[in-house]
Each structure stands twice: as structure tokens, then as C-alpha cells.
Amino acid sequence: MTLPVHEPGASQPHPRGTGRNPATGTRRTGRHQPRVTTRVDSGEAEQFSVLGRPLDRVDGHAKTTGRARYSAEYAYPNLAHAALVCSTIPRGRITAIDTAAAAALPGVLAVLTHHNAPALKPPQKPTPVNLATLAPGTTVNYLNTDEVHWNGQPVAVVVAETVDIALAAARLVRPSYTELPSTLDFKAAVPDAHPQRRNAMLMPGGGSKGDAEAALAAAPVSVDLRFTTPMHNHNALEPHATTAVWDGDELTVHDGTQNIDWTRRHLAHRFGLPLARVRVISTFVGGGFGGKGSVWAGTILAPLAARATGRPVRLMLTREDVYRTVGGRTPSIQRVALGATADGRLTSLIHTSITQLGRVGGHPEQVVSQSRHLYAAENILVEQRQVDLDAVANTSMRAPGESIGTYALEVGMDELAYRVGLDPIELRRRNEPERNPLDGKAFSHRRVLETFAIGAERFGWAARTPEPGSMRDGRWLVGMGVAAAYHPAWQLPASVTVRLAADGSVVVKCAFHEIGVGAATAQAQITAHALGVPVEAIRVEHGDSDLPAGPGAGGSAQTASVASSLLEACAKVRREVFELAGRSADSPLRGRRLADVRARAGGLFAGAAGETYARILTRAGRSHVDGVVGSTSRLGELADQARFVAKFLRDGRRWVKAASGAQFCEVRVDPDTGEVRVSRWAGVFDIGTVVNAKTAASQLRGGIVMGIGLALGEETLVDPATGRIVNATLAEYHVPVHADVPHIDVTCLDDPDPTMPLGVLGAGEVGITGVGAAVANAVFHATGRRIRDLPITLDKLL
Amino acid sequence: MVEVRLNVNGTAAAVELEPRVSLLDALRERMGLTGTKKGCNQGACGACTVLVDGRRIVSCLALAVQYEDREITTIEGVDHPLQQAFVTHDGFQCGYCTSGQICSAIAMLDEHKEGTASAVTEHVDEAPELTEDEIRERMSGNICRCGAYNGIVDAIEEVAG
């Protein structure tokens, strides 16, 4: 653990001397200092903040004793179990489904097909007026159509008394099909790639400055490279699971989701229910990584089965079902071409990508995202194209775009460094932009080069001899590689209620998601910081649509998004408490200005004069004070959403905001077998403010671990003849295990971004970016072999 | 249907089930012991690891009827310093693999104490030192997709002393 910890009197190890001013609690920023527009929170000025401390997770003991319950673990009387039947053809129509054998099995309650399933409304078309219309993973109206759109689409659901009976009966269901022509082979479809039709995650598909192709042709030094990356699957350890219970026309759903609000709204639409009649509970989620960010078939089919049978129904997908019915990361083909002067200054940067979409869903992956921001090339061309396949819709997976985009760009930079004869870090130093290269916008925060400098020191980069194959340890070839990490910072709307009780305890309510990031712990620390109460006095309620709506857990945006509203709610509580105090002649706060008051020691204080919340509330005869942010009326919600979109667009015009970092990797390669072992890792990150040094480091390490998988093992294999995923198991899809992961050294600059709530840039995604390139560059350094097709398996090195 | 006496966490219970029911489903679906997790149901992830007579098994590949009168321990019956060590070292994120990791680590420590060799043990005739590499090798049947491996190894090292 190398993260700085905010202990009283502890010196801040910031290399540029930035960090918290111990006198005011504010922190100086880096060299780019755009005007700060976030709320100046008077209560934040406590000297010894709990912010950043490596506190244990508030749900730690629940998870180490088996008490934490996930969506398939809620018991209901008379609970029935559902199992899916998935198509075995990629495209066509169901001509008949023989359900007799399945229905005859003792214990089977129903076999639902498009012949007998309750009618559902089709998914809505996405519209910016209602962002929840983005919720469904696909446009298919499951079990309400005879159409088949991919190999693995659910075509029937069996409901039975036990899970074993349901699964056995599902195998007895016999659909017949008429097959229609289909497009299944990603690489073969590349000649038909079309320009991007709509924005990827609110980001444009292309952009240019100058004439990059001409500059490339004229460049004294250049590389022009083609990369491929395969499809990936999230493989959250908890398979998607839904427990659905109807009480009359009220629906309660336990669903492991990264978006409670959208799931609720989508279910209300599909089942034709008023929003108030749908409750979605998602207390703990067994990992998401993007795979639980959209609403997939199981979440709809469980309540459908419950409605059809009149029983509470649990549908826990099998691991194979997850591969068949939930999208993964798109494969990609990328071109990175770099032109430079003889001394390594970029004259041209070209990054283009081709990814896939399902014909019934999926988003254009923002593969070239980082290439708009990382290097000061004179001429730039970025472009994204897509092919349409009869395949399960692709979806976001940890750092969608940048995870695979940084692989290609940062391998390209390494190749250019060798071509120019420069150290790869020096090449980056020579191309560090002052402003956003594509359009000249200001960076809200930019400390990429410092992360490289600190990383080089921690990792021992100076010991590297550049020549490939020049370093050995016994029989092992040793290689060291480096790459930049980059992920944009996002903020989403969130509603939060804070209740301060007369006994000094605090309850925070927000339907955000605990997918493993330590969200409740982080928000408890932020509350303690803003109200000046001990963390132990705070209870954070989350994961339930009965609470004020939270943001989706995606885009590394959840912490900052909740923090923004939480700080505002805490400010309202402080203001009201201060006003209550001011009404009493006995209060030492009477006659003071709110701006001079600090929240600390469980109360409000102006210098030494002040009193506890308990005293103020008790004297005023108040049991509690509430701080409410966000609206509960539909009109209010629309206004909030409009305000959010306006701020999003305004910020986007003014600043480029991102988390960034530097990844350092050492590999050992067996010269005889081609086996690659990652032996050392150092990552240095600028994620803005660190809210909890322990959980933030874990998030970043987790990203690096998944990146090691991306680099060396992970690949979803699709049969190009049938469109069927052939390795839909954890035995044949190779995620990193204990033996694959060395100690990972993580450092954070802990320098707040001046434009983000509390200075938080987000930590969930940036950790995986640059990892694939750092590994590939290390493998090149060890062996002299450039592997431009992921994963780097040993057959490619022999 | 058959009746099986399952002795779980020191309590014996008669459970009626089909012979094909796995120990994992018996625990989760029939006995309400949901601390044991189902991750893949094919022995590839380790989330369902429980202790039987002190040995670790993946309960998804075990038929409940085979475990009559055996001493079964699930995470609900575990009281071990590893649990606090996992919290201290942040040896988990989402928590879904945690029950299996902890049960697996408890048995692994015993296996090591007995002098059992692993694939990375250099001299199989000597009692191996419990290095980080040994821990990693011996824990590799338990996948953590959140990537909390460093914290898990640190927690095990602390408890192993």
C-alpha cells in the first residue's frame, strides 16, 4: 500500500507539492487551473478529514460471514425456479416448439413460449428526453415473437418446483426453426463496415485536425500498424439473477443490476405498470464490470414467468446462459499510424477502429477516445466504423473503448519509440500537449507525465536496457514495458436524502449500487467529512428503488455523482441546523455567519465557539433535520435531467476531464514454450481525490488484473459458421487466477480535479487502460516479437 | 426423492431431495445457507467451496446424497482469523467469491501444515515454506473476478504468520 493517508500531521508525498492545505482543508491544483465551478462547501474545511483514509469496508463483515445476500438469495414462500431455453440458430423464425416432454416432467409448472407467454410491450426507442429508454440490452420482445436474432436468444422459459427440474425440463424443449441468411463472421464482414450512425456514449465517432494521411506520408519516421482484439465477456462471478414477486399488480424484483432506476422504469414500461408499482432491490451485486448495466433477458423473463404462474419466481442464469443472453465487449480491428520528426515529435496520429454491433442492439464502442487527448500531434485523424452482425448485442465492459484503444495506441507509441531511438517515456514527454490536441480545449487537470516519472522511479525503469532480448534471469527472458492509462471523467444525476437525528446519528439514502467498489464506505466517509461526524454514526442505505434514485454504476461516475448531491444535501442540513441554533439566545453560534462555521466534532463551530448537533436539535425540539436533493415528481425529474444535460454539455465545451496514469509491467517469457508470466507491476494514477485509499487501490488493482486477462488470456470464441459462442464456460474462457497475478504496486497522486464534485475523477475503469499495451511492450522487450493480436498466447510467440 | 441426513455447521438436519441434487443446491435451496455461492456450477471457479471433514471441496460437483453424516462446514459456520484479515487487507470487492476463498484458505493452510506439496514446490520431500508463490498456486482454484488477489494473499500470509 503506497497511497498517501491523510493522518493528522502526515506530510503529503505529492511530488509537485500539491495537496491539502492543512490550514484550510482546500487543496491546490496542478498547473492548469480553470475556474472552479463546483460548490465551495463551507463544511469541508475540517482540518483532519476522514477523506482518503483507508477505512475497512462498512460491509466487510457481512461479506466474510456469508450474511451479504445477493439477488438469488431471497427466500419467498412457494418460490418457483425458472430456466431458459436458448436458440441454437443465429437467425430465423420459430416454426414450432415441442414442449410436451418438458411439460410432462413431474414438478414442471409451465413451459412458456411465444405461443402462451403473457404479452409485453416492446422496448421503447431510445430518446434523450427519457434516458431510461437506453436501458434494454436488445430490442427483442422476448417470448412475444417468433423471430430469432442471434444464436442464444431465449425462446422459451421453463418454470418448475426446483432448479434441477427446471434445468432438466429446459433440455427437453424442442424448437423447430426456419433459418434465414445471417452475417456472423466479424472479420469477414469488415469490408461492409459503415460509418458510425450515432454517438458512442455521448462521444462523436470521428474527428480530425489538418491532413493526417499526408503528414504520415511525409514523415521522416513512421509506423502504420494493424491490431485485432477479440470479443470478451465480463464473467462477474455472480451470474445474473432475478427473483420476481407479484402482489396483485405490484411487482418486486431482486435483481443484480448496475442501474436500479433504469431497470425499474424499463420493467414498468414492459409490464404496463405505473412506476410506483415496481420496486427493484439490488443490495449487493456480485460484480458487474458493465455486464449488469443494461436490462437483459433474465430480468424481464423472471417477472414474466412469475406473472404467468402466479408464483414468486427465481431465475438465476447458468454461466452458459450469461454468455448466450448478455452481451460482451465487441471485437475490434484497429489501425494506428504515427508519423514523427527525427527527434520524435508527432506530425501525424491516425487511429481508426472497426467494431461490431448486434442488429438488435449494442453501442458503437469508443475505441479511439484516448487518441483525441493523449498526444500533441500536428495532424490527427480518428474514426470509428462498425459492422452489423446477427449476434448478441455488444455492451459496455470495463473501460469500453479505452481498454482496447489504449492497447493499440500505446503499442504504436512503443514501436515508434524504437524507430526513433528514444526511451518510450521520453517520447511521451516530447509529445505532451498543453491543451487538448484535437480542438484546443483546456484540460481540467493533467498530470500524465508525473505519473510516468513517479512510476519509473518506483518500478526501477532506469535498470532497463532497451535492446529486445537483452535482459535475462536464468533461463527466463525478461522484458519491461510501459503505457499510458486514460479514461474520461463522467458525472450523472443523483437524488440523495440525508437525515441528521437529534442523537447525532446520520442516515444517507440513495439508490446507488454496491457492485464491489466500496460505494457505501466511500459515501459514509464523504458524509463524515461534510457533517463532521464520526463514520460510525452514519448509516448508508443503498440498492433499493424505494430510496431516492441514484446514478447508474458505470463510467467510473458513481462516486462523484452521488458525492455531488450528497455534499449539497449535507450543506442544506448544516444551514438548517445553523438557523435553528441562531434562534436561541443560548447558542454560541448566535450572531455568527454561516461562512465562518465549520462542521466538526459532531456539531457546528465557529472557531472554538459552537455546539453539537444533538444539543441544537434537542433544544429546538426537533427529532431530526433532513437535507433533500433531487425531485420526486415527474416534472421535477425532467427539470433535473435537463439541468444535468445542460451542465454536461456546458462542461464538455469548456474542459477535457479524465483520470490518467502510467502502467509499468515486467514479464518473464520462457524461450522454449513461449509462456508469459507477469512478474512485477507498478501503476501510478491521477484519479483526482482519493476518498478511501484502501478501496481505491483495490479498484485500480482489479482493473490491472482484468487487463492482464485481456493481454494474455481472455477471448470469447465465436464459431463463424453458426454464430455460437463455443467457450461459454469459466473453464475455457481464461480469466486471471491467483497464480497469474504478482504484487501490484499502486500509487495515486490524490490531487483533486477542480471541476469534479469533491475533485473525484473515478477509479473503476482507468486501471484497466494501458495494461494490454504495457504487457505487449514488455513481451516485445523480452523477445523482440510484436504481438498485435490479443490475447498474447504462447502459440503466437513460438 | 430420498431423505439425507446432512450435518452442517454442527447441526444435523434431514433433507428430502432428488439424488441428482448437488450439495451446493442442497445448502442454498433446501437449507437456506446462501453464504455458499454458485458461480459456474461446473467446478471451475471455486465460489462454492465448503469444508467436508476439514477438507475443501467444490460443492457444485458433489452430490448431497454422498455426504450423509459427514462434517460439513460452510461460511456460516466459520469462525476464523482469516475473516478479519480479509477485511483488513481488502481481500474482496463484490464479496461473491469470498466465502469460497476463505473456506479454501482454511483448508489450504492445513494442507500446508501437513507438508503437502504443490505444483510450485521445489523439493517435494521437504516441508515447503509457505511463500507467496505457494499461496498463489494453492489458491488458484478460487477465481476472484474483481481482482482482489493481492489482498487475499496478504490476508493469508498474515494469518499463516
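In this predicted model, chain B contains an open sheet built from five strands, which follow one another in the order β2-β1-β5-β3-β4 with mixed pairing. The strands at the edges are β2 (11-17) and β4 (55-58) of chain B, and because each has a single partner strand, one side of each is left without a neighbour in the sheet. Direction ignored, neighbouring strands of this sheet are turned by 40° against each other on average.

**Pairing within the sheet of chain B**
- Strands of a sheet pair through backbone hydrogen bonds, and this pairing can be either parallel or antiparallel.
- Strand β3 (residues 49-52) of chain B pairs with β4(B) in the antiparallel sense, and four bridges join the two.
- Within this pairing, B:T49 has B:V58 in β4(B) as its bridge partner.

**Helices lying across the strands of chain B**
- Helix α1 (residues 23-30) of chain B lies across β1 (2-8) and β2 of chain B, and the helix runs at about 100° to β2(B).
- Helix α3 (residues 98-113) of chain B lies across β3 and β4 of chain B, running at about 40° to β3(B).

**Confidence in chain A**
- The average pLDDT of chain A is 92, and 93% of the residues score at least 70.
- Residues 1-47 of chain A, however, have a pLDDT below 50, although this stretch has 100 contacts in the model beyond near neighbours in sequence.

**Helix α12 of chain A**
- Helix α12 (residues 519-531) of chain A has 13 residues, which at 1.5 Å a residue should span 18 Å, and this agrees with its end C-alpha atoms being 18 Å apart.
- The helix α12(A) is mostly covered, with 13 of its 13 residues buried.
- After α12(A) comes A:G532, whose phi is positive, near 65°.

Definitions and conventions. Residues numbered from 1 in each chain as written. Chains lettered and ligands numbered in written order. Predicted model: local features only at pLDDT ≥ 70, side-chain atom pairs only at ≥ 80, totals over all residues. Pairing = 2+ DSSP bridges. Axes fitted to C-alpha atoms, helices over the stretch in contact; angles between N-to-C directions. Contact = placed C-beta atoms within 7 Å. pLDDT = per-residue confidence, 0-100. Expected span 1.5 Å × (residues − 1). Buried ≥ 20, exposed ≤ 12 C-beta atoms within 10 Å, placed from the backbone.
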